[in-house]
Amino acid sequence: VYVIAGPEFGELEGHIFVINKALYGLKTSGLRWHERFADVLRHMEFFPCRAEPDIWMKDCGTHYEYIAVYCDDLTIASFNPKAITDTLEHVHKFKLKGTGELNFLLGCDYFRDEDNTLCMAPKKYTIKMRDTFFRLFGHNPKKFRSPLEPNDNPELDTSDFLTEKDIRIFQSPIGQAQWVIQLGRFDINVHVMTLSSFRMAPRQGHLDRMKRIYGYCWAFKDATIRIRTGVPDFSDLVVPEVDWSKSVYAGAKEDKPKDAPSPRGKPVRLYTYADANLCHNKLNGKAVTAELHFINQTPFDWYSKLQATVNTATYGAESTAARSAVEHMRANRSTLEYLGVRIIGPSILFGDNKTVVDGASQLNSKLNKRHIMLSYHYVREALATGEYIYSFINGKSN
């Protein structure tokens, strides 16, 4: 990037000036910043995680230090984070502002409760949602105890279509709700996923439902995820002994990252709850998958999506949900291995359909529905590796 000096440069007019420092506003500024900061982190003996290249790691022998980079925001996990910020400021001459214990990041508040447990909650963002609601509708949202009415089916709504102006009003809360889900409000995930499918042609009833979801979020504005690090006790979990060597899955092994760093630090246990809602959409008959993933005693990942195929029975919908859950469990496990996390035991999947759990976990089960063949074999092969357990759980608990 260069400029040709004008008359304001006096004797240097006509000279070519090469810019060797990133400037705000240039198309390449972001890349220049990233390259410069990457060189600095490497000089500080950090290296990028292969699964998440914007997370930088440093091997400290007994544990890893981490720096998560988002543009020019840094989140540091270290026993001595001030040593890192001092090096950035005094050695590499970065101007840092707002350094200190993490309290706000990308719309989410972080704080410690009365027993010093780290918590995350989008409190300020929920207030912003309330303010958006007031700006759009002229009053605060009415509080509700549930996101939608029980057994509500937005796809059957026959109210009037919204005007072009009201469509834009409907789309704004949808976008905010999708972000607050990312920040931890997974309790509205299924409902917002359902309503977001009407973004292009919403009806008045869909807008009213979106207002209700805002009212629910405002009623539970203090909803919080507590980051509990204790390893859960699954000693009472009954796991059937299965000899997969006599099956078509003989020799099945989980693909382990060969270039992952050595595991360090305290161990973690991974487990997942998954479920499916048969015929969630009454118009096209598709079910919905919902998943909640835990690391030790903390939910850290969640997923909800309308299934791509129409299943005629709960067995098919639950099998599809199980396959989706195992796919995400594998991705999470691989990411954590690349982050140098010490994982203990197999990952556990809990499901509330005993027929599906037994069909996947028992050696001599039979597949009677060809259209779920891929889901059936995918889950069974994962169980055969020994890295995953599929266990039944009561539907109310699930």
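Author: Contact here means heavy atoms within 4.5 Å. The model is predicted.

Reader: Which elements do the buried residues of H5 pack against?
Author: Asn-189, Val-192, Met-193, Thr-194, Leu-195 and Ser-196 are the buried residues of H5. They pack against helix H4 (164-182), helix H6 (204-219), S13 and S14.

Reader: How many residues does S12 give to the lining of the second largest pocket?
Author: The second largest pocket holds about 790 Å³ of space. It is lined by 30 residues, and Val-190, His-191, Asn-277, Val-288 and Ala-290 are the closest to its centre. Two or more lining residues come from each of helix H5 (189-196), strand S12 (270-277), strand S13 (288-295) and strand S14 (298-306). The largest share is that of S12, with 5 residues.

Reader: Where is Asn-296, and is it buried or exposed?
Author: Asn-296 is found in the loop between S13 and S14. Its phi is positive, about 55 degrees, although it is not a glycine. Its relative accessibility is 4%, so Asn-296 counts as buried.

Reader: Is Cys-71 buried or exposed?
Author: Cys-71 has a positive phi of about 55 degrees and is not a glycine. It is found in the loop between strand S5 (64-70) and strand S6 (73-77). Exposed means a relative accessible area over 50%. Cys-71 has 56%, so it is exposed.

Reader: Are H3 and H4 roughly parallel or antiparallel?
Author: Two packed helices are described by the angle between their axes and the distance between the axes. Helix H3 (residues 123-137) packs on H4 at an angle of about 175 degrees, and the axes are 11 Å apart. Angles over 145 degrees count as roughly antiparallel. H3 is therefore, relative to H4, roughly antiparallel.

Reader: How many charged residues are in the contact of H3 with H4?
Author: From H3 the contact uses Tyr-125, Thr-126, Lys-128, Met-129, Thr-132, Leu-136 and Phe-137, and from H4 it uses Ile-169, Ser-172, Pro-173, Gln-176, Trp-179 and Val-180. By class there are 8 nonpolar and 4 polar residues, and the charged count is 1.

Reader: Which residues does Thr-132 touch, not counting residues up to four places away in sequence?
Author: Thr-132 is found in helix H3. With a relative accessible area of 6%, it is buried. Leaving out residues up to four places away in sequence, Thr-132 touches Ser-172 and Gln-176.

Reader: What separates the C-alpha atoms of Met-329 and Ser-347?
Author: Met-329 is found in helix H7 and is buried, with a relative accessible area of 4%. Not counting residues up to four places away in sequence, Met-329 touches Thr-272, His-293, Ser-347, Ile-348, Leu-349 and Tyr-388. Met-329 and Ser-347 are 18 residues apart along the chain, and their C-alpha atoms are separated by 7.5 Å.

Reader: Is Arg-333 buried or exposed?
Author: Arg-333 is found in helix H7 (residues 314-338). Not counting residues up to four places away in sequence, it touches Lys-256, Leu-270, Ile-343, Gly-345, Pro-346, Ser-347, Glu-387 and Tyr-388. Its relative accessibility is 5%, so Arg-333 counts as buried.

Reader: For the protein as a whole, what percentage of residues count as buried?
Author: The secondary structure comes to 9 helices and 17 strands, and the C-alpha trace spans about 85 × 60 × 50 Å along its principal axes. Among contacts between residues at least 6 apart in sequence, 65% join residues at least 24 apart. Of the 398 residues of the protein, the share that counts as buried is 41%.

Key
Residues numbered from 1 in each chain as written. Predicted model: local features only at pLDDT ≥ 70, side-chain atom pairs only at ≥ 80, totals over all residues. Heavy atoms only, no water. 1 Å grid on protein atoms, 1.4 Å probe; cavity = no way out; pocket = protein on both sides within 12 Å on 5 of 7 lines; lining within 4 Å. Points joined across faces, edges and corners; volume = space filled by probe spheres on them. Helix = DSSP H or I, 4+ residues; strand = E, 2+ residues; numbered from the N terminus. Buried < 20%, exposed > 50% of the residue type's maximum accessible area, 1.4 Å probe, protein only. Axes fitted to C-alpha atoms, helices over the stretch in contact; angles between N-to-C directions. Parallel < 35°, antiparallel > 145°, perpendicular 65-115°, else oblique. Nonpolar A, V, L, I, M, F, W, Y, C, P; charged D, E, K, R; others polar.
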